[in-house]
Amino acid sequence: MTTGTFRSLRTPNYRLWASGAIVSNVGTWMQRTAQDWIVLTQLTHHNATAVGIVMGLQFGPQLLMLPLSGFAADHLDRRKLLLTTQATMGLLALGLGILTITGLVQLWHVYVFAFLLGCAAAFDAPARQTFVSELVGEADLSNAVGLNSTSFNAARMIGPAVAGVLIAGVGTGWVFLINAVSYAAVIVSLCLLRVDQLHRSARAVRTRGSLVEGFRYVWHRSDLKSVLFMLLFVGTFGLNFPIYISTMSVTAFHAGASEYGLLTSIMAIGSVAGALLAAQRAKAHVALVFVASAVFGLGLAVAAVMPTYWLFGGALVIIGVSAQTFTTTVISTVQLSTDPAMRGRVMAIVMAIALGGTPIGAPIVGWVADTFGPRWALAVGAAAGLVAAIIGLRYLTKYRQLRVRMDGRRIRFSIDNGEALSESL
């Protein structure tokens, strides 16, 4: 098997996809930053609960539309489905941008657009995740997932910083319009793909009850159940970075839009590093999901007590590495261990858990930030990471006979099939 951190880029179709995705991802992160900022500082008076409601409306459809979105990813042409969802999200960004520039935008407008964007993303996310296997095939799937995460988080490093400067200079409306234009890049890349070179697997057979087959499949897999329960806790209460960073910026450090954008970009440095490490791994392991969740929880706990802006930023780097390692490893583990005919429905469940828990967790975390302060909101996320680690440890000790030992600067895991896993501290 070909090795190398960037080996998937040797595939022409993947290069096209990656080039369009990086542009669109930068625009997406610019919009996320502007959306949170306009809600927190222009449409409300530092109301973190309102930010949590926006997050809930944007990610709630991932859960509400789970049967339909998973069914679509397994039964429809994924390239055509992505063309539709990407065009829809671009039009929504355009609409919100026009409302903002004309001065007509109100909080309820943001709520509506967040919900509609979430509906489009509910179909986009599982199709996009499973489409990667059509671009590179099974041999390089883990690498391609890691590179996708690298692109997403490199954009997270660039987009918020650019958005912060633009918000301060020309206003949030132009950020939304720029994001609308950025969707053209991924749409063009999808149109230019060499369809005859896609690694398409057989589509799932449409049978009565096929919508719930994904749930049955997961329920009978102890490894998938454990990973998804870990994701449930981290996704619901831990991955609420817009609330953590915006409230710490405004309330704890009294910072402006550019400083807020910079903090998000600082965390993305760690996320990019975590994604690159994931791209180097030939395989994904439940043991690494356990380690990442433990480090994630500890990182949030450290961030909660940081007294200065820059020390808080340093803690965000650790959080970025661990969060990205966690999410990328979960996605790779699930995709590589799931039957191809079930992959779309199982990935829809993954995305629904990762993002669908936000309607529950984000308002709660926002309320905690408003009532007790942003540092306590970080503590909630830290507790979620540690609970996830306990779930992972239980699975590894019960089903995999995990043994842990130190070897210089590395932690080594030995599991019941005699395979040795090692990850740098």
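Predicted model: local features only at pLDDT ≥ 70, side-chain atom pairs only at ≥ 80, totals over all residues.
In which helix is P12 found?

View 1. P12 belongs to helix α1, which covers residues 12-43. With a relative accessibility of 24%, P12 counts as partly exposed. Leaving aside residues up to four places away in sequence, P12 is in contact with R194 and Q197. The C-alpha atom of P12 is 8.8 Å from that of L135, although 123 residues separate the two along the chain.

**View 2. The aromatic pair of W17 and F131.** The structure holds 8 aromatic pairs. In the pair formed by W17 and F131, the ring centres are 5.7 Å apart and the planes meet at 65°; because this angle is over 60 degrees, the pair is edge-to-face. W17 lies in helix α1 and F131 in helix α6, so the pair ties together parts that are 114 residues apart in sequence. Both residues are buried: W17 has a relative accessible area of 3%, and F131 has one of 0%.

View 3. Y309 is buried, at a relative accessible area of 13%, whereas W310 counts as exposed, at 58% relative accessibility.

**View 4. A nonpolar patch on the surface.** L64, W108, V112, F115 and L116 make up a nonpolar surface patch, and together they have about 490 Å² of accessible area. The element that gives the most to the patch is helix α6 (residues 107-136), with 4 residues. F115, one of the patch residues, is found in helix α6. At 32% relative accessibility, F115 counts as partly exposed.

**View 5. Helix α10 and its buried residues.** Helix α10 spans residues 222-238 and has 17 residues. At 1.5 Å a residue, α10 should span 24 Å, and its end C-alpha atoms are 23 Å apart, which agrees with that expectation. Buried residues in α10 include D223, L224, S226, V227, L228 and M230. Further along α10, L231, V234, G235, T236 and G238 are also buried.

Methods. Residues numbered from 1 in each chain as written. Heavy atoms only, no water. Helix = DSSP H or I, 4+ residues; strand = E, 2+ residues; numbered from the N terminus. Buried < 20%, exposed > 50% of the residue type's maximum accessible area, 1.4 Å probe, protein only. Contact = heavy atoms within 4.5 Å. Expected span 1.5 Å × (residues − 1). Patch = residues over 30% accessible without salt bridge, like charges linked within 9 Å, V, L, I, M, F, W, Y side chains within 5 Å. Areas by Shrake-Rupley, 256 points an atom, 1.4 Å probe, with all protein chains shown as cover. Salt bridge = Lys/Arg side-chain N within 4 Å of Asp/Glu carboxyl O. Phe/Tyr/Trp six-rings, centres within 6.5 Å; stacked < 30°, edge-to-face > 60°.
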